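Let's take a friendly walk through a protein model, one feature at a time.

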Amino acid sequence: MHDKENWVNTYVFKHPHFGNRTSNRAEISHASLKHALGTSSGKLKTVTMKVVKWYEALVDDRKRRLTTKCLGESTTVVFDKINSSRLNDIRHKVCRFAMDHIKLELAKSIIPEKLTKECECLINYNYLLPCYHQLAQYKKIPISCIPRRWRINYLEGEDHSIIHNALPVPKNITKITTITPQLAYKLERVTQILTNAQSKQQQIHFEEYIDKIIELDSKQKLENLNGPTVVEAIKGRPKNTKRKMIALEHCLEAEKEETTKKTKTEKKQKKFNSFDFFRFSRHELSLEKQQKALKKIINLGSPCDHTLLTNLTIAPHQISQIFSPEADGNCGYRAIAMEVYQNQERWPEVKDKMKNRARPYACIHKPIIISLQDKRSPLPQQHWFGTIDHPQLVANAYNRTVAVYWNTPRETGDCLFVPFTTTPDRFEPIILILDINHFLLAKRKPTRNFNWPQINPFHKAIVKKYNLEDFSILY
């Protein structure tokens, strides 16, 4: 076919391509490497260090994305308890892309009419995954039927730099004879074929093949090649040079520069005036958008002023609900109780759970334990909910990430507190907003590419000191 390259699907649907039928990924990695290097010149040591740093960052990013994808499952296909238990052996052991395809095939295997058809499933060829004909044979799908290309431990614990079943290099490689008995037999066989050729044309073909071998051997070797000869230009003016201008040309050039300067200044002035007008109109539009977003926010609990949300790093249009607890000094604990138990009056249970979590470390958290034992209402100011230790205790006690927003220039202002011991039960954090001395509970709209605040600045040091697993890479 003349346009064979335009019909890709016809030629690749019987081969494993894993959904990649273009060279985009290779081009993206080349572009990323070029961006990391910055320049095509420099010392070999500097370039090597840049490549190593780029590769380590690439592996860390890939592990982080792989961990994030493997924590959840898509809800496009939902099974009952019996069919859902068939996935227990492979759940959280294969990547999400493969898990979604297996769930779709498992849904087909439940339908008896599908199993009567002959197996011509392309998922075996394209993705090397079992089809619904194969899944129908298992009561529980074993991990052995999933290729290691889709397993999570593909990047962990396996040394892929070792080539298995490789032939060892002989020690006396320099003493290998040029003509082995097998090669001598083959040469003798070639001469027999040439002498016993049935036609002149067949003999010409064999001679052409032999000429190609001789031509390859007669080519000049790389180490014997001479460098290109440098041809020096003798006639004419040297390259990248101009003749000297006369006095008249200097005057004309100066007048030309003055006129261009005047036109540039006039254009800049016009541009600045127009930009100033547009900037003012844009500011008015942004204020109108903020006012509309504030009106859409649902207010639960006690009444509060929504204008406090305009000075935070989380924009008003990203918030769907605000809950203002009772202002008796226990507002922080009441906000946590509302999120966890859907009842702000259960704030004493929040204090008890935080206290039990802090007791093993009583030598460090002694002032906090004293404040948690105080269950008066109203509560004295010295026992109020804090912005550093208390959110971290809540994260560890309830295994939920806590995000704290408040308008302050301090380093420990907007922070994200991640549990130290286990993976968070939910990816969505508990969002607390501090309005001067009153805590609010917020709900976020489900938007993509949301930028969470910085991780607690003490998190990395604690993880490194006690050799803990860092779950902050999820955010």
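**Two helices side by side**

Helix 12 and helix 15 are roughly parallel to each other, because the angle between them is under 35 degrees. Keep in mind as you look that this is a predicted model.

How do we put a helix pair into numbers? Two packed helices are described by the angle between their axes and the distance between the axes. For helix 12, which covers residues 331-341, and helix 15, which covers residues 389-398, the angle is about 25 degrees and the axes are 12 Å apart. The crossing of helix 12 past helix 15 is right-handed.

Now zoom in on the side where the two helices touch. Helix 12 brings Tyr333, Ile336, Val340 and Tyr341 to the contact, while helix 15 brings His390, Val394 and Tyr398. Sorted by type, the residues of this contact are 6 nonpolar and 1 polar, with no charged ones.

Next, let's follow the backbone itself. Most residues other than glycine have a negative phi, and most peptide bonds are trans. With that in mind, look at the loop between helix 14 (366-373) and helix 15, where proline 378 lies. The peptide bond joining serine 377 and proline 378 is cis, with an omega of about 5 degrees.

Asparagine 399 is not a glycine, yet its phi is positive, at about 55 degrees. Is asparagine 399 buried or exposed? Asparagine 399 counts as buried, because its relative accessibility of 13% falls under the 20% cut-off.

Asparagine 467 sits in the segment after helix 16 (459-465). Its phi is also positive, near 55 degrees, in a residue other than glycine. Asparagine 467 is exposed, because its relative accessible area of 72% is over the 50% cut-off.

Finally, how confident is the predictor? The protein has an average pLDDT of 77, and 76% of the residues score at least 70. Over residues 155-170, though, the pLDDT is below 50, and this stretch has 8 contacts in the model beyond near neighbours in sequence. Residues 172-176 also stay under 50, and the model gives them 1 contact beyond four places in sequence. Where pLDDT is low, the predicted coordinates should not be read in detail.

Methods: Residues numbered from 1 in each chain as written. Predicted model: local features only at pLDDT ≥ 70, side-chain atom pairs only at ≥ 80, totals over all residues. Heavy atoms only, no water. Axes fitted to C-alpha atoms, helices over the stretch in contact; angles between N-to-C directions. Helix = DSSP H or I, 4+ residues; strand = E, 2+ residues; numbered from the N terminus. Parallel < 35°, antiparallel > 145°, perpendicular 65-115°, else oblique. Left-handed = near helix turned anticlockwise from the far one by under 90°. Contact = heavy atoms within 4.5 Å. Nonpolar A, V, L, I, M, F, W, Y, C, P; charged D, E, K, R; others polar. Buried < 20%, exposed > 50% of the residue type's maximum accessible area, 1.4 Å probe, protein only. pLDDT = per-residue confidence, 0-100.
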